[in-house]
Amino acid sequence: MSEIATVKPWLYWTLFPVHRTLLRLYFSEIDIQGLENLPQNGPFVLAAKHFSRWDPLVLSLLSNEPLRFMTNANQFTGLQGWLIERLGAFPVTLSRPTISSLRGAINLIHSGHKLVIFPEGGIVRDKPLRTFKPGLARLVLQAEATALGTLEVPIVPIALRYDPSSSFRAKISVHIGLPIRSYQHRQDNDKQTAQAITEALHAAIIQTLKAD
């Protein structure tokens, strides 16, 4: 886990223009709204609706620096695993996250990196949005509580939509919502606070999906 934050710059910046060109050629349009809602400084978490395997590539358009992606551990096999591990993905067993993997994610936040987490826990196409578990909120609360000095980690809701589907020449809509901040949802204890944050995040994404 010591290499969890490692991105190979030579590989990332070689593929940077290639993957952007690929997206522009494969899809008919990529409409991104709400860029002004992205925090300008410090770490944050992008919490996105997970619709397609294209999602990580699409979300990377939102940043001029490498993002770190929490990714299901079963994806780290063969050439794909070798590649994504060097482009910012780090493995987590979604059914039973280990303490070391969560500690690695917190270390990334403490180092100032921007994380991408899909709170549905996997690709979901059969419903607008699956119910969230409070793991993401707990991660953020723990990162804030264990930081050296004061740290705020905004959670940015992202609604992704492919029209009509994630197929050739489809249109992609990316809507970036207002950041959710833990202090806005403080309750009597961290468990209740995590639940309140989780409900607020789910509501923010579902509202944007319905508004499209």
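Modeller: The nonpolar core

V45, L115, L136, I155 and L201 touch the most other members of the largest nonpolar core, which has 29 residues. A nonpolar core is a set of buried Ala, Val, Leu, Ile, Met, Phe, Trp, Tyr and Cys residues joined through side-chain atoms within 4.5 Å. Buried means under 20% relative accessible area, exposed over 50%, and partly exposed in between (1.4 Å probe, protein chains only). At least two residues of this core come from each of β2 (45-48), β4 (89-92), α4 (99-110), β5 (115-117), α5 (135-146), β6 (155-163) and α6 (190-211). Here helices (H or I, at least four residues) and strands (E, at least two) are DSSP runs, numbered from the N terminus. A second, separate core holds 27 residues, including V58, L59, F76 and A89.

The model is predicted: local features need pLDDT of at least 70, side-chain atom pairs count only at pLDDT 80 or more, and totals for chains, interfaces and linings use all residues. Residues are numbered from 1 along each chain as its sequence is written, and side-chain values use heavy atoms, with hydrogens and water left out.

Apart from residues up to four places away in sequence, L201 touches A47, P119, F132, L136, I155, P157 and I180, where contact means heavy atoms within 4.5 Å.

Helix α5 also contains R138. This residue counts as partly exposed because its relative accessible area is 45%. Beyond neighbours within four places in sequence, R138 is in contact with K191 and A194.
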